[in-house]
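Q: I have a structure to go through before setting anything up. Can you walk me through it?

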Amino acid sequence: MSIFEAALRQILDPAGLITDPVLLAAHNRDWRGRYQGGAQLLAMPQNTAQTAAVLRCCHAHRVPVVPQAGNTSLCGGSVPRAQGQELILSVARMQRCRALDTANGTLTCEAGMLLATLQQQATQAGLLFPLSIASEGSAQVGGIISTNAGGTAVLRYGNMRSLVLGLEVVLPDGQIWCGLRGLRKDNTGYDLKQWFIGAEGTLGVITAATVRLFPQPRSHATAWVALPAPAQALELLRLLQDTCGERLSSFELISQNALDLVLRHLPQTRSPLSAPTPWAALIQLDDVDPQPLEERLVQILEQALEHHWISDASVAQSLAQAQTLWFLREQISEAQRLEGVSIKHDISVPVSQIPTFIQATSAILEQHFPGIRLVCFGHVGDGNLHFNLSKPDRQENSAFIHQTAAVNRIVHDQVMALHGSISAEHGIGQLKTGELQRYKDPVELALMRQMKQMLDPLGLMNPGKIFA
Ligand SMILES: Cc1cc2nc3c(=O)[nH]c(=O)nc-3n(C[C@H](O)[C@H](O)[C@H](O)COP(=O)(O)OP(=O)(O)OC[C@H]3O[C@@H](n4cnc5c(N)ncnc54)[C@H](O)[C@@H]3O)c2cc1C
């Protein structure tokens, strides 16, 4: 046993320090199975004091730390590198709700609470925690904050950055910053919590957070509509925003290729419309007013039909039908995983540029890689698309995957030409360090490095992530 391991044993209970390679395996591998870490130690502290003691110990022994929550990162952010020098620090045992203040509309919980549990706790209090992502049964509060997660309700409620009011963070040297304020207004200098939101564990370990809760909607309407092209999606989006205002919670764009994968790989799924359509949108309206919303949505869709923006629609007649429509959308990532490897992009452009981006980028890609298959879907109301590429034939696809750099260059050059971002949701992790270096403004990158240097001068926090 190393001196470092012995020191950790002084801090943690037996269940809090894992050395068994079998138990470590799931923590060393990412969700997509793309990265294999080599860590031989996993610390699972039970509280903030233990987390601080572990970080002090790592600081003293100069051992790098990889914070981990639900390990659903899609960019290799949550797993260590292969060399085996790093300690994985999982917050999964820290799951308590510390405070619920319904009058203030806030909940304070620990970083290992599942996102699904946070949603349930809000619901039980008659309120809503609106962030929703397909991985919510595994993703945890520390992870969704550290990735600034988005999801399907950003259009109305914003991403994690706008849902977090306060944070408790253990800094790389083991100091605890308690910033668990539940304030909507606080102009006392720099807003430090924003440094840690989306920092992918490179600046410290988040141990608890105070998040905003909202009134619980009492009426809902959900529809799956057929669209000829992304341009019509924008027309429909505009109409819905003009007529429904903030009742429009979600507006998701789904290509037929994306739906086809779900229908192929997920048993008991079927298309919501009678005929295939190049594109579809999944629309969700919610209101605190209990008056039914379906009729209003149908009226708007009839208007869209007259304009030829849509060609067909299926409006859910029950909660179960709405859930079935959402299931199709939420299973796209899983269906892609089952289909096999693809070159994935998680980009954003101004909403107005979505049709241009899809049209121009697809055309260039088809020129360079004839027969390429685009699986495109995303939160089009936020200008965010998952733009994933593969070849339908498995053997051809194995060769195509080696073209990742060339494909990325085409996609990301188009994104930057339209003043977009190469990562709208999933972050940089290990996957996009080179791309960040290439595309980020040099002044901005230098400032980021200075912030990292100031908070983590020894470079111990999640090395190799964000910065190569
Ligand atoms: C099927 C599927 C669907 C998804 N859909 C979406 C989606 O719609 N929108 C979206 O934004 N993402 C999505 N994701 C990506 C992923 O779920 C999110 O990035 C999520 O926020 C990660 O949470 P996690 O708890 O799994 O964090 P992890 O994967 O464990 O960690 C993510 C990053 O945060 C750091 N970290 C974790 N905990 C802490 C902590 N306590 N303190 C400091 N740093 C920490 C890690 O080091 C890592 O860099 C999806 C993933 C899957 C598998």
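Q: Which element gives the most to the lining of the second largest pocket?
A: Helix α12 does, with five residues. A caveat on sources: this is a predicted model, where local features need pLDDT of at least 70 and side-chain atom pairs count only at pLDDT 80 or more, while totals for chains, interfaces and linings use all residues. Residues are numbered from 1 along each chain as its sequence is written, and side-chain values use heavy atoms, with hydrogens and water left out.

Q: How is a pocket defined here, and what is a cavity?
A: Both come from a 1 Å grid over the protein atoms alone: a cavity is a set of points where a 1.4 Å probe fits but cannot get out, and a pocket is an open set with protein on both sides within 12 Å along at least five of seven lines. Lining residues have an atom within 4 Å of a point.

Q: How much space lies in that second largest pocket?
A: About 1,000 Å³, counted as the space filled by probe spheres set on the grid points, which are joined across faces, edges and corners.

Q: Which residues are closest to its centre?
A: S132, H220, Q284, D286 and W326, out of 39 lining residues. Elements giving two or more residues to that lining are α4 (115-124), β12, β13, β14 and α12. Helices (H or I, at least four residues) and strands (E, at least two) are DSSP runs, numbered from the N terminus.

Q: What is the lining by class?
A: The second largest pocket has 17 nonpolar, 17 polar and five charged lining residues. Asp, Glu, Lys and Arg count as charged, Ala, Val, Leu, Ile, Met, Phe, Trp, Tyr, Cys and Pro as nonpolar, and the others, Gly among them, as polar.

Q: Back to α12. Which strands does it lie across?
A: Helix α12 (residues 319-330) lies across β12, β13, β14, β15, β17 and β18, at about 50° to β12. Contact means heavy atoms within 4.5 Å, and angles run from 0 to 180 degrees between N-to-C directions of lines fitted to C-alpha atoms, for helices over the stretch in contact.

Q: What is the strand order in that sheet?
A: β15-β12-β14-β13-β17-β18-β16, seven strands in an open antiparallel sheet. Two strands pair if DSSP finds at least two bridges between them.

Q: Why is one side of β15 and of β16 left without a neighbour?
A: β15 (312-315) and β16 (346-348) stand at the edges with a single partner strand each, so one side of each has no neighbour in the sheet.

Q: Where does α16 lie?
A: Helix α16 (residues 404-417) lies across β16 and β18, running at about 20° to β16.

Q: What about β13 and β17, how many bridges?
A: Two, in the antiparallel sense; L253 has G378 in β17 as its bridge partner.

Q: Now cavities. How many of 30 Å³ or more?
A: One, and about 30 Å³ of space lies in the largest cavity. Its lining includes G151, S250, F251, E252 and H379, and β13 gives the largest share of that lining, three residues.

Q: What is the order in the four-strand sheet?
A: That open sheet runs β1-β2-β4-β3 with mixed pairing. Strands β2 (residues 41-43) and β4 (residues 87-90) pair in the parallel sense over three bridges, and L42 stands opposite I88 in β4.

Q: How many helices and strands does the chain hold?
A: It comes to 18 helices and 18 strands.
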